[in-house]
Amino acid sequence: MRNYSRNLSSALLASVMIYLSMVPTSESWGKEGHYATCKIAQPLLSEEASAAVKKLLPDYAEGDLASLCSWADQVRFRYRWASPLHFIDTPDNKCTYIYSRDCHNPEGEEGMCVDGAIKNYTSQLGNYGCRATGANYNLTEALLFLSHFMGDIHQPLHVGFSTDEGGNTIKLHWYGRQNNLHHIWDTLIIETAMKDNYNNDLEEMIAAIQKNVTDSWSDEVPTWEKCSTNALACPKLYADESINLACNWAYKDADQNSVLEDDYFFSRLPIVETQLAKGGVRLAATLNRIFNST
Ligand SMILES: [Zn+2]
C-alpha cells in the first residue's frame, strides 16, 4: 500500500513536471495579439494596398489578412532559420537597442532579428507589380512575415534581455497559476482583459481599441504612422520603444517567483492595448507606403 501510494505520488509529480515543462516558451504575441494587429490594420489600407493584399493572400484566406497573421508561428518548425526573426535579444539591463550589436542570429549573421526581417520583407514587397524582379520572391510569404513581425516588434518583451530570453525564464504566478513573464505579455494580459472587460470576445476588444484609434488617440496616430524621410518602414524606432517599455513596465516588479495580480494587470493593460493599436496602424502605414509607390 505504501509503495502504491509512493508510486502514485511520484506519477503525479511526474505529470506535474511534464505539465510545467509544457508551459509555452513562445515566439510571438499569442494568436489573439496577432489577429488584433492585422484586424486593426486592414481597414486602414489605401485602395492600392488593399487590392495588393487581397491579391497576395491565398484564396482560402478569403481576403482576411488577420486569419493568416499567425502563419509565421505555424511554420516555425519548417522554417527553422526564421526563428530568430521574431525578436531581438539586448544586453541585460542596458535598456537600449543597437542594430550592429543586437540584430543577429545565434551564429552572428547580421540582420537576422525582427528589425532586419521587417526591413527585408518590406523591400521584397517593393517588387510587387514588377515582373522582372517580383518573380524572384515569394511575395505572399513576404506579406505574411511582415504582418506578423510588425506585431511581434510591438510586444515589449520581444525586445528584451538575452539572459532571461525576453522574460521566458522568469517564472512567476499570474494570479493563482504558475507561468512565465513572456507568456503573460504574449497572451495572458490580453486574455484576462477579454474575460474581465469584453465578454470573452476578442472582436469586442478589437472594436474598443479601434474606437480609441479614431477617438481619444487620434491626435497621436499621425506621429505613430510617421517614418523618416523616404523610408518605407521604421522598425528601429519601434524596437527602441519596445525595449523602453520592457524596462519601465514589463520587467518592473516582475521578479522571479513574484505573484502578479490586479496592480500589475491594470497598470500594464493600457500599454498592451496601445501597442496592439500602434502595431496595426503602423502595419497599415507601411503597406500603404509600399504599395502606393509600386
Ligand atoms: Zn512571432
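**Note on helix packing and selected buried residues**

1. In α2, the residues Gly33, His34, Thr37 and Cys38 meet Ser147, His148, Met150 and Gly151 of α8. Sorted by class, the residues of this contact of α2 with α8 are two nonpolar, six polar and no charged. The structure is a predicted model, and every point below should be read as a description of that model.

2. The axes of α2 and α8 cross at roughly 110° and come within 9 Å. An angle from 65 to 115 degrees counts as roughly perpendicular, so α2 is roughly perpendicular to α8. The crossing in which α2 passes α8 is right-handed.

3. Helix α8, residues 139–152, also packs with α6, at an angle of about 145° and with the axes 9 Å apart. Here α6 passes α8 in a left-handed crossing. From α6 the contact takes Val114, Ala117, Ile118, Tyr121, Thr122, Gln124 and Leu125, and from α8 it takes Leu139, Ala142, Leu143, Phe145, Leu146, Phe149, Met150 and Asp152. The residues of the contact of α6 with α8 comprise 12 nonpolar, two polar and one charged.

4. Helix α6 (residues 114–125) has another packing partner in α12 (residues 235–250), with an angle of about 155° and axes 9 Å apart. Since angles over 145 degrees count as roughly antiparallel, α6 is therefore roughly antiparallel to α12. The crossing of α6 and α12 is right-handed. Asp115, Ile118 and Lys119 on the α6 side meet Pro235, Lys236 and Ala239 on the α12 side. By class, the contact of α6 with α12 has three nonpolar, no polar and three charged residues. Ile118 is listed in this contact and also in the contact of α6 with α8.

5. Where does helix α9 bend? Helix α9 spans residues 181–197, and the bend, of about 45°, is at Thr187. Thr187 is also among the buried residues of α9, together with Leu181, His182, Ile184, Trp185, Asp186, Ile189 and Ile190. The cover over the buried residues of α9 includes the helices α2 (31–41), α12 and α13 (262–292), and the strands β3 (171–174), β4 (177–180) and β5 (259–260). Asn199 follows α9 and has a positive phi, near 50°.

6. Is Val53 buried or exposed? Val53 is found in helix α3, residues 47–56. Val53 is buried, because 23 other C-beta atoms lie within 10 Å and the cut-off is 20 or more. Leaving aside residues up to four places away in sequence, Val53 touches Leu45, Leu65, Leu143 and Leu287. For the pair Val53 and Leu143, the separation is 90 residues in sequence and 7.7 Å in space, C-alpha to C-alpha. Leu143 is also one of the α8 residues in the contact with α6.

7. Leu68 lies in the loop between α3 and α4 (71–74). By the cut-off of 20 or more, Leu68 is buried, because 21 other C-beta atoms lie within 10 Å. With residues up to four places away in sequence not counted, Leu68 touches Leu57, Ala61 and Leu144. Leu68 and Met194 are 126 residues apart along the chain, and their C-alpha atoms are separated by 21 Å.

Key:
Residues are numbered from 1 along each chain as its sequence is written. This is a predicted model: local features need pLDDT of at least 70, side-chain atom pairs count only at pLDDT 80 or more; totals for chains, interfaces and linings use all residues. Axes are lines fitted to C-alpha atoms, for helices over the stretch in contact, and angles run from 0 to 180 degrees between N-to-C directions. Helices (H or I, at least four residues) and strands (E, at least two) are DSSP runs, numbered from the N terminus. Angles under 35 degrees count as roughly parallel, over 145 as roughly antiparallel, 65 to 115 as roughly perpendicular and the rest as oblique. A crossing is left-handed if the near helix is turned anticlockwise from the far one by less than a right angle, and right-handed if clockwise. Two residues are in contact if their C-beta atoms, placed from the backbone, lie within 7 Å. Ala, Val, Leu, Ile, Met, Phe, Trp, Tyr, Cys and Pro count as nonpolar, Asp, Glu, Lys and Arg as charged, and the others, Gly among them, as polar. The bend at a residue is the angle between axes fitted to the seven residues ending there and the seven starting there. A residue is buried if 20 or more other C-beta atoms lie within 10 Å of its own, exposed if 12 or fewer, and partly exposed in between; C-beta atoms are placed from the backbone.
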